[in-house]
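Please consult the sequence and the structure shown below alongside the text.

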Amino acid sequence: AHPVLAAYADAAGGLSESLWNEIIEARSDQVERFSSWDALDAYLERTSGAVMKLALLACGASAENVSEIVRWAAQAWGYQGFLRSSSLRERLPGDNSLAIERAKAAHASVRVLASSLPPAVFPAIGYLALVPGYLRAIARGRGERALFMRQATLIGASAIGRI
């Protein structure tokens with residue numbers, strides 16, 4: 001009977017309950033350090049990837065067309081998120097430079113795949129345009145970019161419809 005959940009239920013009609021359960025289950029896994037990049041990738045797909053999939057479906061994407069883009073998007077967003085957080089960075093299975101390279105490669109892949117999506121789904125993944133800037137900031141020893149730069153990046157990406 002919570003008003004936020006009631007509003008969500010109205011807006012999310014038909015979205016997969018199993019995806020929400022998967023997100024909750026994955027977030028409950030308390031791993032001190034991921035044993036491999038594959039283990040981290042699976043975690044990212046079950047957490048941020050599942051949220052992205054829900055957002056893409058809510059924006060009208062077809063379920064069969066989102067799996068590959070979600071995999072790469074989850075890695076791009078997830079790696080930069082782990083790198084920006086000192087507590088999460090310690091859980092990476094390898095060194096930071098490898099995580100940066102994996103994030104760059106994932107972002108390049110998702111960028112190509114996203115170009116074939118209909119414009120209506122851009123709001124679900126548009127924030128991935130922030131990944132390259134975050135990675136540059138991380139490489140310079142900072143985890144954050146100025147708010148104005150983040151806003152300008154998002155406005156630019158929205159204007160051209162590309163991440």
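**Ala103 and its surroundings**

Ala103 is in contact (heavy atoms within 4.5 Å) with Ala76, Tyr79 and Leu135, leaving aside its neighbours within four places in sequence. The model is predicted: local features need pLDDT of at least 70 and side-chain atom pairs count only at pLDDT 80 or more, whereas totals for chains, interfaces and linings use all residues. Residues are numbered from 1 along each chain as its sequence is written, and side-chain values use heavy atoms, with hydrogens and water left out.

- Ala103 lies in helix H7 (residues 96-114); helices (H or I, at least four residues) and strands (E, at least two) are DSSP runs, numbered from the N terminus.
- With a relative accessibility of 0%, Ala103 counts as buried; buried means under 20% relative accessible area, exposed over 50%, and partly exposed in between (1.4 Å probe, protein chains only).
- From C-alpha to C-alpha, Ala103 and Trp72 are 8.8 Å apart in space, and they are 31 residues apart in sequence.

**Gln80 in H5**

- Gln80 is a residue of helix H5, and its 1% relative accessibility makes it count as buried.
- Not counting residues up to four places away in sequence, Gln80 touches Val131, Tyr134, Leu135 and Ile138.

**Helix H2**

- The 12 residues of helix H2 (residues 17-28) should span 16 Å at 1.5 Å a residue, and the end C-alpha atoms are 17 Å apart, which agrees; the expected span is 1.5 Å times one less than the number of residues.
- Leu19, Ile23 and Ala26 of H2 are buried.
- Seen down the axis of H2, these buried residues fall within an arc of 70°, so they line one face of the helix; the arc is that of the directions from the helix axis to the C-beta atoms.
- Glu17, Ser18, Ile24 and Glu25, on the other side of H2, are exposed.
- H3 and H4 are among the elements that cover the buried residues of H2.

**Packing of H3 and H4**

- Two packed helices are described by the angle between their axes and the distance between the axes.
- Helix H3 (residues 37-46) packs with helix H4 (residues 48-58) at an angle of about 35°, and their axes are 3 Å apart; axes are lines fitted to C-alpha atoms, for helices over the stretch in contact, and angles run from 0 to 180 degrees between N-to-C directions.
- H3 contributes Leu44, Glu45 and Arg46 to the contact, and H4 contributes Ser48, Gly49 and Ala50.
- The residues of this contact of H3 with H4 comprise two nonpolar, two polar and two charged; Ala, Val, Leu, Ile, Met, Phe, Trp, Tyr, Cys and Pro count as nonpolar, Asp, Glu, Lys and Arg as charged, and the others, Gly among them, as polar.
- The buried residues in H4 are Ser48, Gly49, Ala50, Met52, Leu54 and Leu56, and the buried residues of H4 pack against H2, H3, H5 and H8.

**Aromatic pairs**

- Rings of Phe, Tyr and Trp (its six-membered ring) pair if their centres lie within 6.5 Å; planes under 30 degrees apart count as stacked, over 60 as edge-to-face and the rest as tilted.
- By this rule there are six aromatic pairs.
- One of them is the edge-to-face pair of Phe34 and Phe82, at 6.0 Å centre to centre with 65° between the planes.
- Phe34 is in the loop between H2 and H3 and Phe82 in helix H5 (residues 67-84), so this pair ties together parts that are 48 residues apart in sequence.
- Phe34 and Phe82 are both buried.
- The ring centres of Trp77 and Tyr127 are 4.8 Å apart and the planes lie at 85°, so that pair is edge-to-face.
- Because Trp77 lies in helix H5 and Tyr127 in the loop between helix H8 (122-125) and helix H9 (131-139), the pair ties together parts that are 50 residues apart in sequence.
- Trp77 counts as partly exposed at 22% relative accessibility, and Tyr127 is partly exposed with a relative accessible area of 26%.
- A cluster of Phe34, Tyr43 and Phe82 is linked by ring pairs.

- Gly60 is found in the loop between H4 and H5, and just after H4 it takes a positive phi of about 105°.
- Gly60 is exposed, with a relative accessible area of 57%.
- The C-alpha atoms of Gly60 and Val121 are separated by 6.6 Å, at 61 residues apart along the chain.
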